[in-house]
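Please open the model in your viewer and keep the sequence panel beside it. The stops below are given as selections, each followed by what is to be found there.

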Amino acid sequence: MYAAREEIYPREASGRYARLRWLFVWLTQLAFYCTPWLQWNDRQALLFDLGARKFYIFGLVLWPQDFIYLAALLIICAYLLFLATAVAGRVWCGFACPQTVYTEIFLWIERRIEGKRSARMALDRQPPSVSKFAKKSAKHLAWGAVALWTGFTFVGYFTPIKHLAQEVLTLSFGPWEWYWVVFYSFATYGNAGWMREQVCKYMCPYARFQSSMFDRDTLIITYAGERGEPRMPLSKKAAGNGGDCIDCSMCVQVCPTGIDIRNGLQYECIGCAACVDACNGVMDKIGLPRGLIRYSTERAMDMHLTPTEIRRRTLRPRVRIYAAILALIVAAVGTALYLRVPLKLDVIRDRGAMGREVEDGMIENVYRLQIMNTSERAQTYRIKVSGIDTLTQVTPELVRLDATETKAHPIRLRTAHGAAHPGSNKIAVELTSVDDPSLHVKEDAVFIVPR
Ligand code: SF4
Ligand code: SF4
């Protein structure tokens, strides 16, 4: 019913794909740890201020009304993932997923403190001792430090990180900040230090449905059985007729999920290509061509396609459709963002006061303008009304808002009796920035004339 987890001690792989994975570790972590410290217009460049319900993304300030852009961003990320998976299988899992990246960092620390694979296995078999306790403590302290730094940085995307740093120095962290720093740190420590491959095997939903994006032309990690079998140790191979696999088990030892890729593609394979590096190293040593384990496709393995033929099949209909949808969404979002006016206006008629007759036989309606200056500069706006010939404003025509301010601004409009018909009359309210006339919005409203 239940198989206890067997500890996996992945051997360190070296080679082209290991270097590529470390490049991703550096790029993603530099971006993650440094971005919250970047400044823009005297504020944090990237800040998701949930309390104020404003998202600052460099020069862009998004409000709850702009949720569509965030939804579009998520759709773009999803399609990028679909596209990458259709072309190169679990390339995201193997190189850029946070679980892979943090496991790589935690494994690096483990190797520096506890030693190579055999030393780590021996250490775990040892009875308790002072040196074992010292090594384990040092490892967990180092893991804890990385995890805490990660948790602190994560919270720094939601609370200004400089303010957060001051709170750390003065030990005045708020309860929610404590909660989220500890929660995210604990998740990092637990997932990358303890759970590791179990997250990919049992918890990650993406691993479950991504096979639906695979087809026979998707790149996967494959073992060329025809070439490798019958596998046999090098000593016996000298006698003659074995395949190229010398059964050294290096490909299994480097595997972070502990599988043997020679048994065929398995759902546990995260496509990290550590086994490719390991086997290529072995092939170099024994003077055989590289590529016994390599990136290939199901069709290429069956039909013995050349690398050029594999590349030619990359641009198949499924990939073209994903790419076309992605390009369309990116173009639509880019255009919408380019044309976006950082000013929003809602015209709300005062329902408590219907159209009423005032002095000189004029008809008056009262409105509340809900104005949002979503730009990062203070603005003065001119209010203009139209739709009825004699329509005038009793209240001032100018209204001033600070940067990123929202204001409820009341206005009173009047028209001469007889200029509009009894009942509802369509009018328009326009706002134009005095400093920058390109900031302009127009909203429809109704003017009520009592019957
Ligand atoms: S690393 Fe290569 S040679 Fe060694 S067992 Fe794996 S497939 Fe065979
Ligand atoms: S089988 Fe190879 S590519 Fe798959 S997870 Fe193991 S080492 Fe990585």
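Select strand 4 and strand 5 (residues 60–62) to begin: the two run antiparallel and are joined by three bridges, where strands are DSSP runs of E with at least two residues and helices are runs of H or I with at least four residues, both numbered from the N terminus, and where two strands pair if DSSP finds at least two bridges between them. Across this pairing, Phe55 stands opposite Leu62 in strand 5. The hairpin of strand 4 and strand 5 has two residues between the strands, and Phe58 takes a positive phi near 50 degrees there.

A word on conventions: this is a predicted model, in which local features need pLDDT of at least 70 and side-chain atom pairs count only at pLDDT 80 or more, while totals for chains, interfaces and linings use all residues. Residues are numbered from 1 along each chain as its sequence is written, chains are lettered from A and ligands numbered from 1 in the order in which they are written, and side-chain values use heavy atoms, with hydrogens and water left out.

Asp49 has Lys54 of strand 4 as its bridge partner. Strand 3 and strand 4 also form a hairpin, with four residues between them, and Arg53 in that turn has a positive phi of about 55 degrees.

Stay in this part of the sequence and pick Asn41, in the loop between strand 1 (39–40) and strand 2 (43–44). Asn41 is not a glycine, yet its phi is positive, near 50 degrees. With 53% relative accessibility, Asn41 counts as exposed, the classes being buried for under 20% relative accessible area, exposed for over 50% and partly exposed in between, with a 1.4 Å probe and protein chains only.

Asp360 can be viewed in the same way, in the loop between strand 9 (356–357) and strand 10 (362–373). Asp360 has a positive phi of about 60 degrees although it is not a glycine, and its relative accessible area of 73% makes it exposed.

Now move to helix 8 (residues 175–195), whose buried residues are Glu177, Val181, Ser185, Thr188, Gly190, Ala192 and Gly193. What covers these buried residues? The cover includes helix 4 (98–114), helix 6 (130–155) and helix 7 (161–169), a contact being heavy atoms within 4.5 Å. Just after helix 8, Arg196 takes a positive phi of about 45 degrees.

Pro230 has its place in the loop between helix 11 (225–228) and helix 12 (234–237). Most residues other than glycine have a negative phi, and most peptide bonds are trans.

Finally, zoom out to the protein chain, which holds 17 helices and 16 strands. Its C-alpha atoms fill a box of roughly 115 × 60 × 45 Å along the principal axes. The radius of gyration is 32 Å, whereas a compact globule of 451 residues would have one near 22 Å, taken over C-alpha atoms and with the globule rule of 2.2 Å times the number of residues to the power 0.38. Of the 451 residues, 44% count as buried.
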